[in-house]
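I put a question at the head of the page and then work through what I found.

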Amino acid sequence: MAAQRHYEELARQLSAIGTVKRMLGRVLPTDCPSGSAIVLMLLDRYGEMRMSKLAELLDIDMSVTSRHVAHVADRGWVDRKPDPLDRRSRLLSINPSGRALLGQVSERYTEALASCLSDWSDEDVDRLNELLARLRSSFGDTRSRALPHQAETSITRTPSQR
């Protein structure tokens, strides 16, 4: 187990991550705040789902999830259709317009990260990715676990494809 001073330094470093997130948020298209980008990314990654599953993946309240979904739906980036198993529920899915925007977002994020981390080695970036995934897993991040309908595909994907 790490010494107390290591955890104190980790707490300071994690609190400073907000600066990095805000900088990355500035590269997003003006009509696509970070919450909307994350909704699109999750729908693209995990496929069609109910809003309750999306809220679980986002780890936020249903009312906040509903606002994010309304934003992306109003802009035509996702489709909502009745759930055949429960007509009271809606199934959400990213559509071609949303995928196109997500491609832009991904490109902008990648360019910003590549620019800011240009003096990092590939090994350093890989190690950071491994450690961040481990940190999320230690905190029980639901996105680090496959959804039931993805169990087979997640086995065949490499970590960089997940």
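Predicted model: local features only at pLDDT ≥ 70, side-chain atom pairs only at ≥ 80, totals over all residues.

**Entry: the whole chain**

I turned to burial and found that, of the 162 residues in the chain, 27% are buried. I then listed the elements, which are 7 helices and 3 strands, and wrote down their order along the sequence as α-α-β-α-α-β-β-α-α-α. For contacts with a separation of 6 or more, I recorded that 57% are between residues 24 or more positions apart.

**Entry: the core**

I looked next for the largest nonpolar core, which has 23 residues, and I marked Leu40, Leu43 and Leu54 as those with the most contacts inside it. The elements that give two or more residues to this core are helix H2 (34-46), H3, H4, strand E3 (86-94) and helix H5 (96-116), and H2 gives the most, with 6 residues.

**Entry: H3 against H4**

How do the axes of H3 and H4 cross? I found that the axes of helix H3 (residues 51-58) and helix H4 (residues 62-74) come within 9 Å and cross at roughly 105°, and because angles of 65 to 115 degrees count as roughly perpendicular, I describe H3 and H4 as roughly perpendicular to each other. From H3, the residues Met51, Ser52, Leu54, Ala55 and Leu58 meet Met62, Thr65, Ser66 and Val69 in H4. Sorting this contact by class, I noted 6 nonpolar residues, 3 polar ones and no charged ones.

**Entry: H2 against H4**

I then checked H2 and H4, whose axes come within 9 Å and cross at roughly 80°, so that H2 and H4 are also roughly perpendicular to each other. On the H2 side the contact is made by Gly35, Ser36, Val39 and Leu40, and on the H4 side by His68, His71 and Val72. Which classes of residue does the contact of H2 with H4 have? I wrote down 3 nonpolar residues, 4 polar ones and no charged ones.

Technical notes
Residues numbered from 1 in each chain as written. Heavy atoms only, no water. Axes fitted to C-alpha atoms, helices over the stretch in contact; angles between N-to-C directions. Helix = DSSP H or I, 4+ residues; strand = E, 2+ residues; numbered from the N terminus. Parallel < 35°, antiparallel > 145°, perpendicular 65-115°, else oblique. Contact = heavy atoms within 4.5 Å. Nonpolar A, V, L, I, M, F, W, Y, C, P; charged D, E, K, R; others polar. Buried < 20%, exposed > 50% of the residue type's maximum accessible area, 1.4 Å probe, protein only. Core = buried A, V, L, I, M, F, W, Y, C linked by side-chain atoms within 4.5 Å.
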